[in-house]
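Here are some questions and answers for a first look at a structure. Each answer sets a value against a rule and draws a conclusion.

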Amino acid sequence: MQKLFATIAVIITGAILLNAVEDFPRFGDPHSPPNSGVSGGSVSSSVHYLQNTYLDTRVPNVVTAVLADYRGYDTLFETAVILTAGIAVFAILRVVRREDEEESAGSEEKACSGEFSTSDSDGEGRHRVVVGTTCRVVVPLAQLFGFYIIAHGHPSPGGGFQGGVVLGTSFILIALAAGLGSALGRLREDMYLRLACLGVFIYAGIGLLSLFFRRNFLDYGALSGLLQTGGEEMARSHGIFGVELGVAMTVTTVMFALFANLSTRGELKGGL
Amino acid sequence: MENSIHSYLPLWACLSSLAAVPLILLFRRETFLREAVTILAGIAKLSFVLAMLPIILQGNMIELTLFGDGSDGLVPIVFRVDGLGMVFALVASILWIPTSIYSIGYMRGLKEHSQTRFYVFFAVSLFATLGVAFAGNLLTLYVFYEILSLSTWPLVTHHQDAEARRGGRSYLVHLLGTSIAFVIPAMIYVWVKSGTLDFGGQAILADTDLSYVQGLALLLAFAFGFSKGALMPLHSWLPSAMVAPTPVSALLHAVAVVKVGVFCIIRTVLNIFGMDLLGGLGIDLVLCWIAAITLVTASLIALTQDNLKRMLAFSTIGQLSYIILGIALLTEHAALGSILHIAMHAFGKITLFFCAGAIFVATGKKQISELNGLGRRMPITFAAFAIGAASVTGLPPMGGFLSKLYLVWGAAEAHQIALLCAFLISAVLNGAYFFPVVYRAFFLPEPEMDAIHADGSCCVSGWREAPLLCVLPLAFTAIGSILLFFFPSTFYDLASIVLHGGVANP
Amino acid sequence: MMEWMKTTIVPHFNFWIYVVIMMLGLWAAIGKNNLIKKLIGLSIFQTAILLLYVSMGVKEGASIPIVDETMGEAAVDFMAQGGGGAGATAFPINPDLFANPLPHVLMLTAIVVGVATLGVALALCQVIFRDFGTLEEPEILNQIKTIQDDV
Amino acid sequence: MSEHLPVIVVLAPLFGAVIVGFFGSRDRRLCFPIALTALALSFICSIGVVHHVATVGAWDYFVGGWESPHGVGIQLRADGVNSLLLLAIAVVALLALVYSIRQDGEKDAEKSPFFYVLFLLLCVGLFGITITGDAFNVYVLIEITALTSYGLVAMGSSRRSRVAAFQYLVIGTVGASFYLIGVGYLYLAVGSLNMADIRAILAANPEIANSRIVGTALVFILLGVWTKMSLFPLHGWLPNAYSYCPSGSANLMAPLVTKVSVYVMIRILFSVFGLGVITENPGWSELVVLIAVGSIVAGSVMALTQREIKKMLCCLIVAEVGYMVGGTWLGDAGRWGLTGSMYHILADAMMTSCLFLAAGVFAKQFGATRLEHLSGLFRRSPWVAGAFTLGGLAMIGVPPMCGFFSKFYLIRGAIESGHWLYIVALLGSSLVNAILFFRIFEIAYFGEVPESSEPFEPSEGEGATPRRYAVWRTAPLLIAAALTLLLGIFNRPVIDLIRGTVVENTGIVSMEE
């Protein structure tokens with residue numbers, strides 16, 4: 001019954017969607033409305049982006065500039081979506097046991113002290129020599145690479161989301177290799193939740209700064225005086241970078257938070 | 001001829017009872033202050049209404065538009081005091097004061113619970129009643145009409161027992177159900193059709209090209225939608241609402257609520273359709289016959305009732321149809337009689353209800369068959385009852401005689417002999433159900449002495465009248481019914497202002 | 001038939017593919033009983049939409065939307081010399097050389113939303129499993145029928 | 001700062017959420033004051049926006065200063081329709097926030113800071129959807145709203161709340177994705193995402209406006225928002241989701257989330273496709289009105305069968321959504337139906353808020369979740385009962401409550417456009433509401449006060465001092481009830497503002513009609 005209903009619904013949906021296909025622009029058509037605007041009308045915004053991004057922001061990567069500047073308002077909320085996911089997963093899944101709190105805090109202390117410690121209850125740490133060593137090598141590299149991606153979002157593909165994911169992965173790697181406790185020792189729960197909030201705060205705060213220069217929200221050009229840059233263009237470039245940092249912070253922490261909660265059913269103990 | 005004067009008086013007149021609500025709530029512990037507030041609010045209301053009276057009598061209108069001026073196609077809230085509204089407002093605000101006094105006596109006499117709630121909703125319902133009276137367009141009218149329906153529900157169901165629950169349910173199903181189902185669509189249809197809902201100037205639908213079916217549907221929707229007018233077959237709420245405490249029945253179900261119903265129907269006839277259109281379409285007779293059938297049937301049912309208040313309720317249904325029939329006849333004298341009958345019937349019927357309540361307070365009796373010989377114990381009450389009954393029946397020298405005279409005259413004028421007969425038959429029936437009560441009370445022997453409740457206050461030996469606060473108001477209204485026969489001029493003038501302002505020169 | 005395919009399917013093959021994938025995903029999201037399978041379907045469904053957007057931004061002969069710095073500086077110089085409006089022919093940046101950046105930006109957002117939704121959904125699945133001991137929807141609904149407890 | 005009011009409305013709760021998230025876990029006592037400050041700021045700003053719109057006119061705000069050329073940046077636009085909705089959201093959110101003040105000893109107190117974070121982020125989403133002028137931005141914000149809603153629903157104490165949240169998630173995601181597909185098609189057809197821009201292009205190029213792509217885009221956007229607003233037959237998720245979530249968040253979600261989706265539909269029709277699509281396709285609009293009628297009937301019938309207060313109210317939401325969708329699609333020349341729908345968004349937000357607050361108070365204060373439990377309520381707590389009565393009367397549509405005036409305009413639109421079935425459904429549903437609510441009033445008014453008439457002691461260790469918090473719960477309820485009444489009495493300024501916007505915009509539309 002349910003399947004029949006689903007089939008009918010899906011077929012109808014598909015039929016409606018395909019019905020319109022004939023009117024579509026050809027695949028790869030450089031003159032389709034999204035690519036160059038409606039014929040006879042003004043050029044589409046994408047042409048404007050391509051032509052003016054460098055003039056406006058001195059950022060070669062148009063995607064980064066559109067993401068963080070032209071449509072930065074979208075991206076602010078996108079970051080907020082990530083924060084929401086982190087908080088929601090915590091709210092749904094996290095098991096808080098008041099009695100255990102002191103005890104787990106104690107174990108965290110212990111975890112903090114250990115270097116890729118084998119403090120997990122299963123005590124299988126010694127079998128992880130290969131994994132541990134690899135991890136020890138890869139994690140710094142991964143983190144460095146993550147920062148590179150964030151910082152290099154201007155001239156090449158990259159940016160806060162991508163870099164943030166890589167950074168988050170490095171912590172997940174620690175958790176996989178040396179146990180969640182070890183990873184949590186480096187990024188404690190209250191810390192990562194706070195950092196996630198801080199990331200959004202940085203983003204929105206940079207945007208808010210321009211209000212004090214009597215410019216609109218997220219108008220990084222207003223920061224030129226503050227940053228002592230030559231012109232508004234460079235100020236925008238720096239603004240984008242600052243914003244990307246905020247994004248990266250939130251993404252990193254939320255990625256880790258999702259992993260930590262989901263892999264332990266919200267108990268943040270034991271783990272895989 | 002007519003000037004409209006901008007004034008806030010109608011608003012103050014409405015609000016004066018609403019303003020009493022917080023005070024009543026504030027003084028809910030000090031019963032004396034609470035009741036004083038009620039009475040003071042009544043006096044304030046009456047004085048506002050009286051302040052407007054001379055202006056209206058000079059042929060002017062008072063207008064007050066709130067929330068916009070209606071120029072942009074929306075419907076504002078408009079208060080407009082004209083002759084018709086004035087008649088009704090005058091009746092309601094005059095009778096509120098004796099009712100307040102009476103209810104103090106009644107409620108104290110019976111030691112009723114939740115008296116504060118009672119006074120609060122009483123004040124709110126008076127607010128709504130005057131709002132209906134002064135409504136200047138159909139929307140305003142409807143708004144206050146619904147406030148009245150709702151604010152009287154707690155009064156009707158005051159006893160909060162199973163019977164009250166049944167009565168309250170029937171009350172709401174009829175009043176709210178019909179107004180939502182019929183009046184709202186009819187009102188908006190009128191609005192769409194004519195672009196206005198304003199009562200000022202000529203009738204709303206006068207210039208529209210309604211077909212017979214449309215006109216009939218609209219007329220029936222209004223006539224049955226305003227089911228406070230208790231046209232059969234939507235009358236059954238009225239008898240079941242008699243579970244209410246008697247002051248409620250007195251003011252609301254003899255004066256305010258039911259009169260609001262007929263008032264709305266009069267507005268429908270005069271200001272929505274206009275007499276010309278109704279006559280032109282020929283749908284007036286439908287309304288006439290519905291009213292006439294209600295008239296006779298209700299009187300016949302009243303004959304069979306033994307519960308005094310139920311009998312009065314059916315009598316009310318019949319008398320309301322007098323008013324509706326009078327206006328539906330579309331002749332000048334019938335309309336005049338119909339408007340006068342609002343006032344006359346109000347004074348008569350409220351007296352009767354007061355008497356019923358006073359009897360209950362003094363003796364605890366509700367059935368007519370139990371009243372044998374009580375007239376000698378409660379002479380004032382039963383004298384007033386006789387006066388009220390005579391007035392409602394239409395005997396001189398009571399006010400009811402005048403209005404019924406005009407009604408019959410109007411029926412003759414319209415050459416509706418059958419309807420004329422309906423009037424006369426009903427008048428006879430009125431006498432037939434009222435005077436046995438008076439006869440029983442005064443001329444039949446009392447059954448046993450010891451069966452009488454002993455909690456009525458004793459004024460003179462042998463007399464067992466109800467408390468003074470109950471007796472005074474009923475004496476006042478009974479005298480009022482007589483005085484209205486001799487000095488009907490105010491109401492008469494107002495009624496003729498209605499007819500010459502709204503009917504004769506449309 | 002061939003003709004129809006040539007005019008309808010071939011030039012728009014990207015849309016056909018996306019619609020088919022989307023239908024598969026939607027079917028799983030609605031029709032499957034297992035909650036995890038539903039989520040897989042949902043993810044496929046969302047990913048298909050990414051395909052729609054990204055394929056919109058494709059231009060023949062265009063490269064990734066990163067403006068060469070030399071080209072950019074040339075444009076800056078061009079503007080500094082007051083060389084007409086942005087649409088003038090001699091303008092050094094030719095938009096036809098770069099893919100449309102906007103769909104990529106939009107889809108970055110959609111990807112993030114998809115990840116976030118998936119995370120929350122998985123968390124819900126775990127809680128449901130903890131509470132009911134199963135992830136099969138009919139069984140869960142059966143168990144729910146028997147609960148008449150709290151709100 | 002006053003020139004930035006439109007964006008501050010959205011930003012205040014965002015900053016509030018972030019700050020609560022940052023400091024709240026350290027000291028839980030800070031959460032409530034911060035959240036309250038943030039929403040109060042939004043409230044003040046939205047008053048400013050309404051004032052500006054009423055006195056000056058529509059207000060465009062370009063984020064990032066990307067004003068020209070059109071459609072490069074993201075535009076916020078406040079006009080007569082959405083500025084009032086902003087205010088309504090702010091009010092309802094404030095009331096819900098005050099209601100949901102957490103108690104110290106509650107069992108999930110550790111999570112309470114995150115409850116506030118989600119709460120505020122939900123407000124961000126609602127404010128943002130309302131004020132934005134960008135079709136894609138709506139999607140992002142819809143997702144914020146949705147994700148926070150899933151989280152809030154799942155925080156309910158019952159096991160069922162998780163299942164409800166999951167169903168909500170699947171359906172909600174499909175709905176949002178449909179919206180995204182629709183926006184994608186629109187983008188494919190016109191190459192812009194800015195609503196005003198799209199409108200201009202569609203108006204200038206009728207061949208695009210009549211193409212199948214744009215038609216499909218409209219269909220999918222509508223399917224998406226209908227799913228989100230739980231229009232029959234896409235309503236399955238709503239009753240469970242809203243009845244099993246904690247009452248603190250139900251007070252926010254039930255009045256606002258569906259209403260904001262309705263607003264999105266109106267905004268899309270109004271500012272993107274143009275109202276011409278309604279009048280030019282009478283067959284389709286007839287169908288939509290029929291669906292709306294179905295929604296009204298289904299909602300009313302379902303409500304009649306419910307004995308649980310919250311579920312009954314949820315079913316009524318389905319019916320109310322039918323009112324608004326139907327009203328929007330009536331397509332009468334005077335746009336009365338549209339006016340009525342817009343006013344009903346506000347009215348329904350207020351009265352649903354009132355009723356849900358009341359249901360929450362019943363549950364917390366008296367332990368009453370079913371109709372029978374309300375026995376003797378008027379004697380136990382006349383104020384609460386009175387406020388609930390006002391809300392119920394508004395739902396029935398009794399003047400001078402706000403519910404009446406929306407019906408007044410809706411019916412006018414329906415008569416002008418000849419949709420008699422819709423009128424019958426509307427009035428029928430009013431009567432059903434009357435039966436429903438008077439059934440409750442009767443129980444509450446005539447019923448005996450139960451034996452254990454002492455203040456209800458929450459069973460799950462929800463804190464030993466419920467009395468202390470009683471006033472925090474009842475005060476919002478009373479305010480909501482008063483606002484329901486005031487919005488009805490002073491409906492004229494509101495209607496004037498809406499009407500002004502409608503007339504102004506239909507002037508543009510009528511050129512192509």
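Q: Why are H1(A) and H9(D) called roughly antiparallel to each other?
A: This is a predicted model. In it, the axes of H1(A) and H9(D) cross at roughly 150°. Angles over 145 degrees count as roughly antiparallel. H1(A) and H9(D) are therefore roughly antiparallel. Their axes come within 8 Å.

Q: Which residues meet where H1(A) and H9(D) are in contact?
A: From H1(A) come A:Thr13, A:Ile16, A:Leu17 and A:Asn19. From H9(D) come D:Arg212, D:Thr216, D:Val219 and D:Phe220. By class, this contact has four nonpolar, three polar and one charged residues.

Q: How do you know that chain A and chain B do not touch?
A: Contact means heavy atoms within 4.5 Å. The nearest C-alpha atoms of chain A and chain B are 37 Å apart, and the chains do not touch. Chain B and chain C have no contact either, with their closest C-alpha atoms 30 Å apart.

Q: What makes D:Phe115 and D:Phe119 a tilted pair?
A: Rings pair if their centres lie within 6.5 Å. The count comes to 64 aromatic pairs over all chains. The centres of D:Phe115 and D:Phe119 are 5.8 Å apart, and their planes are at 45°. Planes under 30 degrees apart count as stacked, over 60 as edge-to-face and the rest as tilted. The angle of 45° therefore makes this pair tilted. Both residues lie in helix H4 of chain D, four residues apart, about one turn of the helix.

Q: Why is the pair of D:Phe404 and D:Phe408 called tilted?
A: Their ring centres are 5.8 Å apart and their planes are at 35°, so this pair is tilted. Both residues lie in helix H18 of chain D, four residues apart.

Q: How do you know whether D:Phe404 and D:Phe408 are buried or exposed?
A: Buried means under 20% relative accessible area. D:Phe404 has 0% relative accessibility, so D:Phe404 counts as buried. D:Phe408 has a relative accessible area of 1%, so D:Phe408 is buried too.

Q: What links B:Trp153 and D:Phe446 into a cluster?
A: Ring pairs do. The cluster also includes D:Phe362, D:Phe437 and D:Tyr445.

Q: What makes B:Lys228 a charge over the ring of B:Tyr145?
A: NZ of Lys must be within 6 Å of the ring centre and within 35 degrees of the ring normal. The charged end of B:Lys228 is 3.5 Å from the centre of the B:Tyr145 ring, and sits over that ring.

How values were computed:
Residues are numbered from 1 along each chain as its sequence is written. Chains are lettered from A and ligands numbered from 1 in the order in which they are written. This is a predicted model: local features need pLDDT of at least 70, side-chain atom pairs count only at pLDDT 80 or more; totals for chains, interfaces and linings use all residues. Side-chain values use heavy atoms; hydrogens and water are left out. Axes are lines fitted to C-alpha atoms, for helices over the stretch in contact, and angles run from 0 to 180 degrees between N-to-C directions. Helices (H or I, at least four residues) and strands (E, at least two) are DSSP runs, numbered from the N terminus. Angles under 35 degrees count as roughly parallel, over 145 as roughly antiparallel, 65 to 115 as roughly perpendicular and the rest as oblique. Ala, Val, Leu, Ile, Met, Phe, Trp, Tyr, Cys and Pro count as nonpolar, Asp, Glu, Lys and Arg as charged, and the others, Gly among them, as polar. Rings of Phe, Tyr and Trp (its six-membered ring) pair if their centres lie within 6.5 Å; planes under 30 degrees apart count as stacked, over 60 as edge-to-face and the rest as tilted. Buried means under 20% relative accessible area, exposed over 50%, partly exposed in between (1.4 Å probe, protein chains only).
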